[in-house]
Every structure is written in structure tokens, then in C-alpha cells.
Amino acid sequence: MAVSTMTEMGEPQVGRPGDPCVMVIFGAGGDLTRRKLIPALYNLAASNLLSREFAVVGLAREQMSTDQFREKFNKDIKEFATGALSSDLTEWFTRRLYYMSGEFSDPKAYQQLAQLLQQVDKDHGTQGNYFYYMATSPIFFAPIVQQLGTAGLMTESKDVWRRVIVEKPFGRDLETAKTLNRQLMEVVKESQIYRIDHYLGKETVQNILAFRFANGIFEPIWNRRYIDHVQITVAETVGVENRGGYYEEAGTLRDMVPNHIFQLITLTAMEPPISFQADAVRDEQAKILHAIQPLSSEDVLTRAVRGQYGEGHDPAKRMVAYRSESSVNPDSSTETFVAMRLQIDNWRWADVPFYLRTGKRLPQRHTEVAIQFRRAPFILFRDTPVERLTPNLMVLHIQPEEGISLSFGAKVPGPIMRLGAVNMNFAYSDYFGTTSATGYERLLHDCMIGDATLFQRADMVEAGWSVVTPILDVWKALRPRNFPNYPAGTWGPREADELLERDGRHWRGNGAGPARSMSAAAHES
């Protein structure tokens with residue numbers, strides 16, 4: 001049952017605080033910890049959604065004392081906090097930070113960790129509840145959990161819980177994902193594993209379910225009778241920056257599609273769950289992943305497009321080619337752009353194509369799900385000056401501006417029948433104000449209260465990889481001949497446009513951006 005509390009800012013906050021617990025961060029010396037995890041925990045504390053019986057233990061290879069770790073926090077939080085800082089809250093949080101150095105493969109480190117956790121339990125009343133965050137390279141996920149199991153640090157009892165949060169990428173293909181799942185479940189139960197995708201911390205992503213199932217006007221038309229197609233765009237303006245080494249191993253397909261984009265697809269396409277219980281929601285998401293039509297080797301050649309950015313031509317900003325980035329092979333065949341045409345083989349979505357694209361060095365940073373409805377019959381307007389009817393479009397804007405827009409036609413005032421486009425825009429900031437968030441707050445809080453709704457299950461991960469792996473296999477066998485095939489700062493290779501043009505469609509807003517900003521759309525209307 002939700003309870004009302006007061007935040008540090010004196011505002012009411014609905015929700016219960018997380019359970020008493022300790023968060024152990026493996027890889028605590030990295031950027032993820034200082035930029036996202038610690039600021040997210042601070043925001044939870046400011047909203048009274050963090051238990052007063054809480055502590056953080058950082059563990060990494062770097063030699064550092066607890067005092068030095070606390071000093072680092074006090075410096076980093078000033079740089080990366082998403083809102084105003086309170087000196088009292090900062091002091092409270094600092095006293096709950098601990099650090100120990102150790103090798104992830106050293107059994108002695110886990111014995112020392114067990115001793116430190118016992119002391120933290122005693123000092124802060126955390127009651128033996130621990131969750132472990134893997135802010136490390138994926139090669140350490142299974143070894144760390146196995147070491148925790150050997151040290152007895154994953155053992156649960158009636159009154160004590162233990163959980164592990166695993167960052168993406170969860171495997172490199174179907175076989176490695178299955179292997180990792182098997183290795184983890186040799187030590188822990190599925191209910192203890194929280195596979196995190198920070199995209200699901202975004203308000204608009206979470207709101208897709210509320211939007212669809214809480215409003216009687218949308219769900220009746222959310223099917224093949226009324227929807228022509230769906231476009232999902234996840235565009236980034238940045239290049240690979242200092243992640244060239246990682247990107248050479250992963251590529252855009254592995255990095256974005258099986259997790260971020262498939263999560264957006266499942267929430268957009270799933271059937272109504274019987275409740276908002278975690279497994280009820282995830283059961284319906286899993287059904288969508290299993291229903292995605294697998295691509296044959298021939299399909300990959302016509303329904304999947306890969307690209308790699310070359311040097312940009314913008315005189316105002318130098319944009320080097322991917323192959324010139326740090327730690328990148330000068331002859332690299334790694335893709336930085338992916339576009340695909342997918343079909344969902346179920347009753348609701350039969351013959352409705354789902355187009356997706358994602359890439360680096362595109363003109364705008366924008367993530368959206370665009371639902372294009374079928375065009376209305378033209379019969380009524382054939383003897384009027386109206387030449388064509390524009391199909392209605394609903395867009396779920398996810399970043400950087402969060403909101404929902406709907407476009408439709410209306411008569412232009414005057415004696416002649418003319419139609420004009422009307423845009424209705426809902427922006428979260430206009431109705432609910434802005435919130436100081438990193439995107440991790442909801443996910444960390446959910447783990448603390450045992451709500452796994454927004455986390456992927458093993459079967460979901462494997463179903464996603466079963467769609468992606470055939471594409472990886474074909475692309476590995478056939479080296480691209482034309483890389484780089486799109487200049488930095490453009491909307492990807494020409495083949496991505498042809499993917500839709502063959503169906504008589506086009507990417508939304510190409511040339512002017514996948515979507516104008518909501519404020520621009522409102523101005524135009």
C-alpha cells in the first residue's frame with residue numbers, strides 16, 4: 001500500500017521506501033557509479049524513497065580507502081547531481097558509504113566483503129539484505145556471482161533477501177546468453193536476478209502501459225484494422241567517443257536492439273496483462289518476442305540494413321569517421337547504424353510492419369515510437385479541392401523531451417473545403433513539472449522492494465537474441481563492401497530509406513529530423 005511522505009523539498013511523495021539493505025557496487029570506481037548510480041540513490045534519499053537503514057559498499061580493483069571514497073563522492077555529487085543538494089542529506093549519505101579494493105576473481109576478497117557487510121549490518125541496521133550491482137565488464141558477471149555464492153553471500157532465508165543487478169549486454173548472441181543464464185542460475189534463482197535496462201527508467205517508456213490500458217479511446221484501435229505501421233527511432237548525435245574498444249566488440253545491433261528497442265516493441269505491442277504483477281507483465285512481453293517473425297538468411301539481405309559513419313561535412317563541427325576514432329580498427333567492419341523491418345506473427349499485428357532504426361552520429365538526439373494509422377477513405381472528398389488525406393500519427397516521445405503528440409486533419413476556416421494539419425502535444429514538463437532524475441531511480445527502488453516488472457527475465461533475453469543472432473551470423477559471413485556508407489550528421493545509409501520505400505512508405509521527418517521537437521510542433525500548429 002502506498003504511503004505519503006515528505007521529500008527534502010517539503011513536497012508530498014507517494015510510495016513506500018525501499019527495504020533496509022546494502023547496495024554493493026562491483027566496479028565502483030567507474031563512470032557509471034559516479035554519473036548515474038550514486039546521484040540516483042541521492043535522489044531517492046531526497047524523496048524519502050530510500051530506507052534510513054541503508055548503506056553502499058563499493059568494490060573495485062583501485063586502491064582506495066573508505067575515507068577517500070567518501071571524499072570522491074563529495075566531489076562527484078557536486079558535478080553530477082541532477083538537483084539541489086542538501087548539506088544535511090549529503091552528510092547523512094556520506095556516512096553510509098564504504099569501500100574495499102579487491103580482485104573479482106580472488107576468494108579472499110569475498111571473505112573480506114562478508115566481514116564488512118556484517119559490520120555494516122550492525123552499524124546501520126540493514127538486516128542482512130544485500131543487492132549487488134554489476135557495473136563491470138560482462139566477462140565478470142558469472143564469476144562474481146559464483147564467488148558470491150561460494151562465500152554464502154547469495155543465500156536467502158525467510159527474513160533476508162539477496163539480489164543481483166546485471167547491466168547489459170547480457171550475452172553476445174543466443175548461445176552466450178543461454179550460457180550466462182545457466183551459469184547464474186547454478187548459484188541463484190531467477191527471482192534473484194534483475195537484468196537492468198536503463199531505458200525502462202524513463203517516464204514515457206513506463207507510461208506506454210498506462211497510456212494504452214488506462215484510456216478507453218486508444219486500446220480499441222490499437223491493432224491491424226486501424227494501424228498501418230509502427231516506426232521506432234533511437235537516434236544519437238554523438239559518435240563512439242571513448243568507447244571505441246567496447247564498440248568494436250559489440251556494434252550497434254548488439255548494443256541497442258535486443259534490449260532497448262525490443263523493450264519498446266514489447267510494451268507497444270503486448271496484449272493487456274491480467275495485472276501489473278511482474279510476471280503477468282513479462283509474460284505478455286515474452287509472447288511478443290516469441291511472435292517476432294525470424295529472419296532467414298535471404299530476409300537479412302532485404303529486411304536488415306547496417307551502416308557505418310564516415311567523416312562529417314558540417315564546417316561548424318569536425319566529425320571524424322568511425323574508423324578514425326580512438327581504439328577502432330582503421331579497416332573496421334563494425335556497424336554504427338542499424339535499420340530493420342520486423343513482423344509480429346499474432347492476431348493483433350498480422351501484416352503490420354514494425355520499422356526500427358538506431359545509430360550514432362545522426363542529425364538529432366531523439367527516441368520515439370511513432371504509430372501511423374491507416375488513411376481514411378477518400379470518397380467524401382473526391383469532388384472537393386482536397387487532393388489527399390494525411391494519415392493520423394501518434395508519437396510517443398521518449399527523449400530528450402518526454403511526451404505524446406497526435407496529428408490529425410481539420411478544416412481550414414473559409415468557404416472552400418481545405419484541410420490543415422493539427423498537432424496536439426502533451427509534454428510531461430508542462431503538466432507534471434520537471435523531475436531531477438538520472439533514469440536509474442525507479443529501477444534501483446524497484447529492486448529494493450522486490451518489484452521485477454521492469455527487468456527482463458531469462459526467457460525474454462533469449463527470445464530477443466533468437467531474433468538478432470541470424471542477422472549477426474549473416475553479417476559476420478558477408479563483410480560489408482561499402483563502409484563507411486553514410487556521412488556523420490546524416491540519417492544513415494540510402495538502403496535504410498529504401499527499406500521503407502519498397503513498401504510505399506518513408507521514415508518520419510527524414511531530412512528535417514525523425515521528429516521535430518514537441519515545442520516546434522506546437523509552434524507550427
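Mentor: Happy to! The buried residues of helix 3 pack against helix 1 (31-46), helix 2 (66-80) and strand 5 (97-101). Helices here are DSSP runs of H or I with at least four residues, strands are runs of E with at least two, and both are numbered from the N terminus. Helix 3 covers residues 87-94, and its buried residues are Leu-89, Thr-90, Trp-92, Phe-93 and Thr-94; buried means under 20% relative accessible area with a 1.4 Å probe, protein chains only.

Bear in mind that this is a predicted model, where local features need pLDDT of at least 70 and side-chain atom pairs count only at pLDDT 80 or more, while totals for chains, interfaces and linings use all residues. Residues are numbered from 1 along each chain as its sequence is written, and side-chain values use heavy atoms, with hydrogens and water left out.

Now look at helix 4 (residues 107-124) and helix 5 (residues 141-150). Their axes, which are lines fitted to C-alpha atoms over the stretch in contact, come within 9 Å and cross at roughly 55 degrees. The two helices are therefore oblique to each other, the class left once angles under 35 degrees (roughly parallel), over 145 (roughly antiparallel) and 65 to 115 (roughly perpendicular) are set aside. From helix 4, Pro-107, Tyr-110 and Leu-113 meet Ile-144, Gln-147 and Leu-148 of helix 5, with contact taken as heavy atoms within 4.5 Å.

How values were computed: Buried < 20%, exposed > 50% of the residue type's maximum accessible area, 1.4 Å probe, protein only. Axes fitted to C-alpha atoms, helices over the stretch in contact; angles between N-to-C directions.
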